[in-house]
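Hi,

Here is the structure I said I would pass on.

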Amino acid sequence: MDELQSLCYDSGCYLSDKDLQWAKIYLDRDGDGQITYNEFAQWWTASNNDRFKYLKLTDLQQKLVCKISELFRKYDKDNSGQLDNREKFEKLKQDLLKNQILKDIHELESRSFNEVDRSHDGKINFNELIAWFIDIGIIFGNDPTKTLEKIK
């Protein structure tokens, strides 16, 4: 992670320790705990001039990620950072709907365990869940202010 922090700083974007923790979650798209060359290259080439924009969270985005983490941990009883079955994921989805992080029942029903389980290991880890929220526009695409107003 020191290399990433140095590269970003050399490129004009200083990452605090908090930013660096988020960057690790953001870049580790398959949730295996490592930022692979392919994950790094995908971020570096796809993001172009906006590549650093997604490595820093606003206070509101940080609160949203904390709320998602709180709900995830409710079902992660062994504190392993992963949900090991579909039943726990279905319960988590219901909590996400109840807390208005996912907006409607149709959006909720269309989201499958396999869509979130990027590593296809039969488990969903926290990084996979966050990557999914990024992909469906919950963290960056939509206005997090509207979501946070509902979950306060």
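Below is what I found, going from the overall layout to the details.

Keep in mind that this is a predicted model.

**Overall layout**

The chain has 9 helices and 2 strands. Starting at the N terminus, the order of elements is α-α-α-α-β-α-α-α-β-α-α. There are 152 residues, and 43% of them count as buried. Among contacts with a separation of 6 or more, 61% are between residues 24 or more positions apart.

On the annotation side, the unreviewed UniProt entry puts "domain: EF-hand" at residues 15-50 and 113-139. I looked at the stretch 113-139 in the model: 52% of it is helix and 7% is strand, with 19 Å between the C-alpha atoms at its ends.

**Helix 5**

Helix 5 covers residues 86-98, so 13 residues by the record of its run, and spans 18 Å from first C-alpha to last, close to the 18 Å expected at 1.5 Å a residue. Which of its residues are buried? They are Phe89, Leu92, Lys93, Asp95 and Leu96. Looking down the axis of helix 5, these buried residues fall within an arc of 160°, so they line one face of the helix. The face turned away from that buried side carries Glu87 and Lys98, both exposed.

The two ends of helix 5 are worth a look as well. At its start, a side-chain oxygen of Asn85 comes within 3.1 Å of the backbone nitrogen of Glu87. Just after the helix, Gln100 has a positive phi of about 60°.

One joins Lys91 to Glu87, with the closest N and O atoms 3.4 Å apart. Lys91 and Glu87 are 4 residues apart in helix 5, which puts about one helical turn between them. Glu87 is exposed at 53% relative accessible area, while Lys91 is partly exposed at 39%. The other pairs the side chains of Asp84 and Lys88, at 3.2 Å from N to O. Both partners count as partly exposed: Asp84 has a relative accessible area of 40%, and Lys88 has 22%.

**Other salt bridges**

The structure holds 8 salt bridges in total. One of them is between Lys56 and Asp19, where the closest N and O atoms are 3.0 Å apart. Lys56 sits in the loop between helix 3 (37-47) and helix 4 (59-75), and Asp19 is in helix 2 (residues 17-27), so this pair ties together parts that are 37 residues apart in sequence. How do the two partners compare with the 20% cut-off for being buried? Asp19, at 10% relative accessibility, counts as buried, whereas Lys56 is partly exposed at 33%.

There is also a network of salt bridges that links Arg29, Arg118 and Asp135.

**Loops and backbone**

Ile136 counts as buried, at 18% relative accessibility.

Most residues other than glycine have a negative phi. Where does Asn79 lie? Asn79 is in the loop between helix 4 and strand 1 (82-83). Its phi is positive, about 60°, although Asn79 is not a glycine. Asn79 counts as exposed, at 52% relative accessibility.

His120 is another one to check. Its phi is near 55°, again a positive value in a residue other than glycine. His120 lies in the loop between helix 7 (113-116) and strand 2 (124-125), and at 62% relative accessibility it counts as exposed.

If you open the model, I would start with helix 5 and its buried face, then go to the pair Lys56 and Asp19, and finish with the backbone at Asn79 and His120.

Cheers

Terms used:
Residues numbered from 1 in each chain as written. Predicted model: local features only at pLDDT ≥ 70, side-chain atom pairs only at ≥ 80, totals over all residues. Heavy atoms only, no water. UniProt positions renumbered as here; feature names shortened; annotations may be inferred. Expected span 1.5 Å × (residues − 1). Buried < 20%, exposed > 50% of the residue type's maximum accessible area, 1.4 Å probe, protein only. Arc of directions from axis to C-beta. Polar contact = N/O pair within 3.5 Å; in protein donor to acceptor, adjacent residues only side chain to side chain. Salt bridge = Lys/Arg side-chain N within 4 Å of Asp/Glu carboxyl O. Contact = heavy atoms within 4.5 Å.
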